[in-house]
Amino acid sequence: MPIDPKKTLDAYRAKRGEFRLVEVPPLQYLMVDGAGDPNTAKEYKDAVAALFPLAYTLKFAARAELDLDVVVMPLEGLWDAPDKESFTTKRDKSAWLWTMMIMVPEQVTAEMFAAAVDKVEAKAAAKKEPLPTLRSVRLETLDEGLSVQTLHVGSYDDEAPVLAELHERFIPENGLRMTARHHEIYLGDARRVAPERLRTILRQPVERT
């Protein structure tokens, strides 16, 4: 059976209604940056359209070259904004800065990544379906370390009260401060799952004050 890091890594476990401290190990991702409302920005759609073909191409390459069979991981996002209230009380999506990403095995090399980009680009050209963001994708290790996370069930637009409680109550009350960008892990496919049933891990890297 393929290895599923969602079932083996503690960093991919979270419970609804519970804020929990976790130690997130360094993990390798396909990453691409952008800005704007993810519901309307073409830049966001182009980013996602480039990530998944690369992730699947690398899955098959790892199986063939490394004898390593790992499931394709879910879409994830790092989110930021000049005004943090853009995520909570203001909910101004046009101001959001984001990095969309998919985790890949640490054994995937820079050479395998470059070959996968070339392969995906050639297939897209043959189909006359260009991927304008493909060459902007990078392979990078993210080391978040100590983090707080919880599971949100429901629409992405209903996250604001959970994030407000995390930022304004749990983090300061527990002698913590935020150190890096807000991180979301999308366990459900918004194209196929009703909004009220979407499952999203909300993670915030922190340090002790």
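**Entry 1: before starting**
I keep in mind that this is a predicted model.

**Entry 2: the largest pocket**
I began with the largest pocket and found about 920 Å³ of space in it. I then looked up its lining, which is made of 29 residues. Closest to the centre are Y44, L75, Y156, D189 and A190. Helix α2 gives the most, with five residues. By class, I noted 17 nonpolar, three polar and nine charged residues in the lining of this pocket.

**Entry 3: the second largest pocket**
I moved on to the second largest pocket, where about 430 Å³ of space lies. Its lining has 24 residues, and P5, M103, V104, P105 and E106 are the ones nearest the centre. I looked for elements with at least two lining residues each and got α1 (5-8), β2 (27-35), α2 and β4 (97-104). Which element has the largest share here? I found α2 again, this time with four residues. I sorted the lining of the second largest pocket into 18 nonpolar, four polar and two charged residues.

**Entry 4: aromatic pairs**
How many aromatic pairs does the structure hold? I got four, and I wrote up two of them.

I took F19 and F170 to begin with. Their ring centres are 5.3 Å apart and the planes stand at 40°, so I put the pair down as tilted. This pair links distant parts of the chain, as its residues are 151 residues apart. I located F19 in the loop between α1 and β1 (20-24), and F170 in helix α4 (residues 160-173). Buried or exposed, I asked of F19 and F170? Both are buried.

Then I turned to W79 and W96. The ring centres of this pair are 5.4 Å apart and the planes are at 75°, so the pair is edge-to-face. The cut-off behind that label is an angle over 60 degrees. I found W79 in strand β3 and W96 in the loop between β3 and β4, so the pair ties together parts that are 17 residues apart in sequence. I checked burial here too. W79 has a relative accessible area of 4% and is buried. W96 is at 6% relative accessibility, so I count W96 as buried as well.

Key
Residues are numbered from 1 along each chain as its sequence is written. This is a predicted model: local features need pLDDT of at least 70, side-chain atom pairs count only at pLDDT 80 or more; totals for chains, interfaces and linings use all residues. Side-chain values use heavy atoms; hydrogens and water are left out. On a 1 Å grid over the protein atoms alone, a cavity is a set of points where a 1.4 Å probe fits but cannot get out, and a pocket is an open set with protein on both sides within 12 Å along at least five of seven lines; lining residues have an atom within 4 Å of a point. Grid points are joined across faces, edges and corners, and a volume is the space filled by probe spheres set on the points. Ala, Val, Leu, Ile, Met, Phe, Trp, Tyr, Cys and Pro count as nonpolar, Asp, Glu, Lys and Arg as charged, and the others, Gly among them, as polar. Rings of Phe, Tyr and Trp (its six-membered ring) pair if their centres lie within 6.5 Å; planes under 30 degrees apart count as stacked, over 60 as edge-to-face and the rest as tilted. Buried means under 20% relative accessible area, exposed over 50%, partly exposed in between (1.4 Å probe, protein chains only).
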